[in-house]
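Take a moment to turn the model around, and then go through the points below.

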Amino acid sequence: MPLQAFGKSSALSLGVELELQLVNTVDYDLTSASNDLLELLSRKPFPGTVTPEMTQSMIEIATGIQTEHAPLLAELRGMRDTLTAACDRLNIGIAGGGTHPFQRWSEQRVFDKPRYQEISQLYGYLAKQFTVFGQHVHVGCASGDDALFLLHSLSRYVPHFIALSASSPFFQGVDTMFDSARLNSVFAFPLSGRAPFTLSWDDFANSYFTKMEATGVVKSMKDFYWDIRPKPEYGTIELRVCDTPLTVERAAALACYLQAICRRLLERAEPLPTEDDYLVYTFNRFQACRFGLDGTMVDPRTRESLTIREDILATLRHVEPHGVALKSLSALAEIERCAARDGNHATHLRRVFDETHNAQSMVQESTRALRSGPGA
Amino acid sequence: MTEDLLRPLIAWPMMMLAAWLAGEWSHRRWQLPRVCAYGAVGLLFGGIGLSQGVASRETQGFMANVALALTLFELGYRVNPRWFRHNPWVLAAGIAQALLTFGTVFWVAGLFGVAIDHRLVLAALCVATSPAAVMRVTHELRSAGQVTERLLHLCALNCLLAVLLLKMVVGYWHLETSGDLGKAAFNSIYVIALSLVAGAVFGVVAPLLNRLVTSSQATTVTFAIAVLLLSGVAQSLHLSPLLAALAFGAVARERRIMLSHAQRNFGALGDVLVVFLFVFVGSLLSWTGLLTSLLLGMSVLIARSASHTAVNLAIARVSGTTFRKGALTGLALMPMSAFALLLLEESRAYGFDLARDSLPVIVGLLMLLEVLGPLATQRALLLARETHPEEN
């Protein structure tokens, strides 16, 4: 089946998806509770959508289409409040965070849905090790060509989003030394990485995708686990590198930071992206995963190297006028606080661990942080 | 060494070995809960008189209490009191179910012409759900979900309420027989309050001691020894070791001592003691006059499970789950033997003569439930699809 035409969406509109962890309230291990939770939630209208995920200890929430920070945040908070109230009734804990710090993948129950059972069959332990939790941000694009232009121009900013959102320092019970250990799980998949370089939607759909489909390796865009991928049915591109932060406030801020960068890029304020931009891509991405905001990134054009923190703070200055236009200055302020002062949520979780020497207390803190908002 | 002393030393480990092997075998062959086999083997040895001859109630009773206290500590730790605030329906279900069970069992036993005093004891005991069977089966199946949550929380409530009701019955009995209000009050209020206080003190002190330990394995040992000591203290002071252990677990939870994943059910120590517990319970049940009490037992069993199911079904929707899961929760609450029997033994040891006379009345029920109870719990959790796929 050829790739469908690139759908209509209004430029710079936003949609946020968050994968959340369901844990028990005793030792804070992941618990298979999505069936019970979804049953209870189905009784009343849900603000936004909520869907099951790969394993029963995971659910995904998604906002509707938003254009500004305040309503986006309000919708996320509304969903969060509905979820925590339902979880309270069922004695379930719910939390953000890119990984669960000590769950054992072999314990996870795969959700009873043909696609998930198939994936589980195909990938074996990889599928269960994929019990990781990400934030996906959709940005509306006026055309397929715009989508590919943004997708490739954003490659330079991917380390920002990894470092700002990173909240997965522990995995399988050990400190990984990474700020985002989650992405290491994603990289294990054969079709992960980046999209092939082309700026023409026609070329992408009719040449690349058709050839890939003919090989039998992929059936749809869903089979690609790229860092950023086009989503033709929505008319969006989807940034997939973010860990689910501990708070919805951080999640909304990340989405609006992306929106502001996209607005600047669409003004063609920077030179057109080229294939050579990707020379430093995996190096920068590794630095962001491993060291977070302290990581080093190399600018593919100037070949200068500076810390990711410095690059974020410089970018914030460039996008400020766009923040004014998009009414998202408070989101940009949250990003600045994170980069300049508080650090990301991986740092916060490590701090909790240093105080308590207990992996369970990190999850306890994550459940608290999701409820009470910033301060984390 | 005299022969009298030697025989129990060999007989008990042999019986436990037989029970353990039967548990493993029947679990592998038919996926039966292991505790069913332990109970069945215990009953068998009791029936052929093997264990009765070698049972020394004092020492073995203490060991059985420790075994159950470990489970109760864990149950207390497992239960989240905040849930009752967020979802008061679960708490309401617990109380309604206790009262309804008490009432129906009292009524059914009346149909069989059982004396009022015995009916009161029977009804109070029937409120209990055995934590040993429930904890073992949920752990064995690695189950998680609403039936599991409700089962564990209601089990804890049932144990608490059964103790309260039985102490009230004991108080009433003392008042009736001696007219001594002081003694009556002593037996109910004093015992309950002091048991809870003793457990709470341990819940505060044990975590402090635990600060010395260096590994999570050692944490298990600290708490196991603490439970052992608490059981000893409670028994010497004529308090309820069972209630104290439950309170200990609940307070330890509030003090947020994290027990790691690997140490659920107190590991191998818990395994050994639970085999002993079930064999011991079996050995206490005499087969004489069984036939008559089986019919009563069967009727009480039905009345009790019907009460559980009716209440859980009634609150299912309003408490946030499905009717199906509500009904299965009611079914899963069936086990009661170990807890009820040890509670009865405890009362007997503290001079409640009625407890001794009540045993023949309840023996049929306990025998049935020793084997059927864990099986019902297992089936309910399987039907609710809350078990880990590898355990199906």
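## Fold of chain A

In chain A, 77% of the contacts with a separation of 6 or more are between residues 24 or more positions apart; two residues are in contact if their C-beta atoms, placed from the backbone, lie within 7 Å. This is a predicted model, where local features need pLDDT of at least 70, side-chain atom pairs count only at pLDDT 80 or more, and totals for chains, interfaces and linings use all residues. Residues are numbered from 1 along each chain as its sequence is written, while chains are lettered from A and ligands numbered from 1 in the order in which they are written.

**Overall shape**

- Chain A has 14 helices and 13 strands (DSSP runs numbered from the N terminus: H or I of at least four residues for helices, E of at least two for strands).
- A compact globule of 376 residues would have a radius of gyration near 21 Å, and the 20 Å of chain A agrees with that (taken over C-alpha atoms; the rule is 2.2 Å times the number of residues to the power 0.38).
- Of the 376 residues of chain A, 52% are buried (20 or more other C-beta atoms within 10 Å of the residue's own, all placed from the backbone; 12 or fewer is exposed, and in between is partly exposed).

**A covered helix**

- Helix H5 (residues 144–153) of chain A has 9 of its 10 residues buried, among them Leu148(A), Phe149(A) and Leu150(A).
- The cover over the buried residues of H5(A) includes strands S5 (134–140), S10 (228–231) and S11 (236–243) and helices H8 (201–215) and H9 (248–266) of chain A.

**Two helices side by side**

- The axes of helix H6 (residues 158–165) and helix H10 (residues 281–291) of chain A come within 8 Å and cross at roughly 10° (lines fitted to C-alpha atoms over the stretch in contact, with angles from 0 to 180 degrees between N-to-C directions).
- That crossing makes H6(A) roughly parallel to H10(A) (under 35 degrees; over 145 is roughly antiparallel, 65 to 115 roughly perpendicular, and the rest oblique).
- Residues of H6(A), including Ile162(A) and Ala163(A), meet residues of H10(A), including Ala288(A) and Cys289(A).

**Where chain A touches chain B**

- In this contact, 18 residues of chain A meet 17 residues of chain B.
- On the chain A side, H1(A) gives the most, with 4 residues.
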